[in-house]
Amino acid sequence: MKTAFKKYTVAALALVTIVFISCEDADDNGNIIDPNNSAYDLTETNTDLSILNTALIQTGLDATLDSQGTYTVFAPNNAAFNQYFTANGYANIEAVPIADLRAILLYHVINAEVTSDLLSTGYVKTLGKDEEVEALDLFIEATTPVVLNGSAHVTQADIEVDNGVVHIIDGVLDLPTIATLIAANPEFSNLETALLQQGLEITLSNTNGTMQDPFTLFAPTDDGFQALIALDPMDGLTNLQDILDLTNLTDILLYHVVGNERIRSGDISNGLVIDPITAGTFSIDTMSGIVITDAQMTQANITATNVTAVNGVIHTLDIVIRPM
């Protein structure tokens with residue numbers, strides 16, 4: 001009998017040891033893994049994310065962020081939501097239409113784990129979608145603190161959860177228009193200045209179909225503006241102000257914009273002729289890269305494609321193109 005009891009005791013201790021070890025971190029550092037530590041669970045336990053928690057439940061996205069997967073969540077805190085309610089005339093989270101709320105929440109999620117040390121300045125695809133179900137872009141400026149779309153700041157980074165990472169932010173991100181994504185990117189500061197001066201940022205912010213949206217914007221970078229200045233020493237363009245002073249600047253800017261159409265890179269073929277909003281056309285050659293030849297026979301390279309906003313698509317150019 002004593003032998004049987006001794007064998008039972010040893011077996012029980014071994015079982016306890018196995019259970020304890022199975023609850024430890026895989027890195028064997030002795031930390032205990034929380035079995036309820038998803039991104040959604042964080043919104044339940046962090047009181048400053050209580051409005052986000054309610055929003056996730058209302059939209060059914062609680063199940064998404066409680067599931068296995070790998071996510072980066074930019075989580076607006078309660079103050080961010082309260083600012084959003086005030087700015088948009090909502091009394092509380094319950095007043096926000098469910099479809100709109102779901103679309104906004106998805107725009108705060110990336111389908112990959114990106115900790116702060118991996119964040120880099122540029123556009124990233126989110127789980128948010130445009131009406132063609134293409135992933136919306138978010139502009140991340142990897143400064144200190146990190147800035148999203150030029151407005152929201154990361155206030156607490158790198159909260160590790162079992163299905164990814166959460167960064168708490170101080171603003172709710174609206175679904176981005178073309179104007180949003182241009183204004184957020186410092187590489188487009190000259191283009192942004194020109195659009196603001198000519199009042200065209202209003203056009204490129206439109207989402208209701210009354211100003212020829214959706215758009216395709218072929219967007220010259222700041223280097224693209226400098227390339228135009230350097231193109232012809234005899235044309236009188238010696239600095240940005242000279243470009244801004246051009247009497248036909250609105251026509252030049254609208255020459256970069258196609259109305260009522262999202263032209264994605266997959267729609268571009270060799271010899272395609274583009275008919276922009278303003279008078280004139282330009283052609284695209286795809287034999288070596290993607291090259292535009294404008295009405296003045298200047299060639300511009302498309303250096304990045306398919307940056308997606310709710311009201312259109314942006315492609316990046318390395319020089320300003322011009323009509324006749």
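Start by selecting helix α3, residues 50–59, where I51, L52, N53, A55, L56 and T59 are buried. The model on screen is a predicted one. An α-helix has 3.6 residues a turn, so residues three or four places apart point the same way. Now show what surrounds the helix: the buried residues of α3 pack against α2 (39–45), α4 (62–65), β1 (71–76), α5 (78–88) and α6 (98–106). Step just past the end of α3 to G60, which has a positive phi of about 80°.

Next, select the nonpolar cores. The largest one holds 58 residues, and L148, I182, L191, L217, F218 and I292 have the most contacts inside it. In soluble globular proteins, nonpolar side chains tend to be buried together.

Go back to the largest core and pick L217, one of its residues with the most contacts. What does L217 touch, leaving aside neighbours within four places in sequence? Its contacts there are I178, I182, L191, L204, H256, V257, V313, I314 and H315.

Now color the strands. Seven of them make an open sheet with mixed pairing, in the order β2-β1-β7-β6-β5-β4-β3. At the edges are β2 (109–110) and β3 (122–129), each of which pairs on one side only. Inside the sheet, select β6 (152–161) and β7 (164–169): they run antiparallel and are joined by five bridges. V154 is placed opposite I169 of β7.

The last stop is the charged side chains. Side chains of opposite charge can pair when their charged atoms come close. How many salt bridges does the structure hold? There are five.

Select D137 and K125, a salt bridge whose closest N and O atoms are 2.6 Å apart. D137 is in strand β4 (135–141) and K125 in strand β3, so this pair ties together parts twelve residues apart in sequence. Is D137 buried or exposed? Buried means under 20% relative accessible area, so D137, at 3%, counts as buried. K125, at 39%, counts as partly exposed.

Then select D130 and R264, whose side chains meet in a salt bridge of 2.7 Å, N to O. D130 is in the loop between β3 and β4, while R264 is in the loop between β9 (257–259) and β10 (272–274), 134 residues apart. Both D130 and R264 are buried. E132 counts as partly exposed, at 41% relative accessibility. Finally, select D130, E131, E132, R262 and R264 together: salt bridges with shared partners join them into one network.

Definitions and conventions
Residues numbered from 1 in each chain as written. Predicted model: local features only at pLDDT ≥ 70, side-chain atom pairs only at ≥ 80, totals over all residues. Heavy atoms only, no water. Core = buried A, V, L, I, M, F, W, Y, C linked by side-chain atoms within 4.5 Å. Buried < 20%, exposed > 50% of the residue type's maximum accessible area, 1.4 Å probe, protein only. Contact = heavy atoms within 4.5 Å. Pairing = 2+ DSSP bridges. Helix = DSSP H or I, 4+ residues; strand = E, 2+ residues; numbered from the N terminus. Salt bridge = Lys/Arg side-chain N within 4 Å of Asp/Glu carboxyl O.
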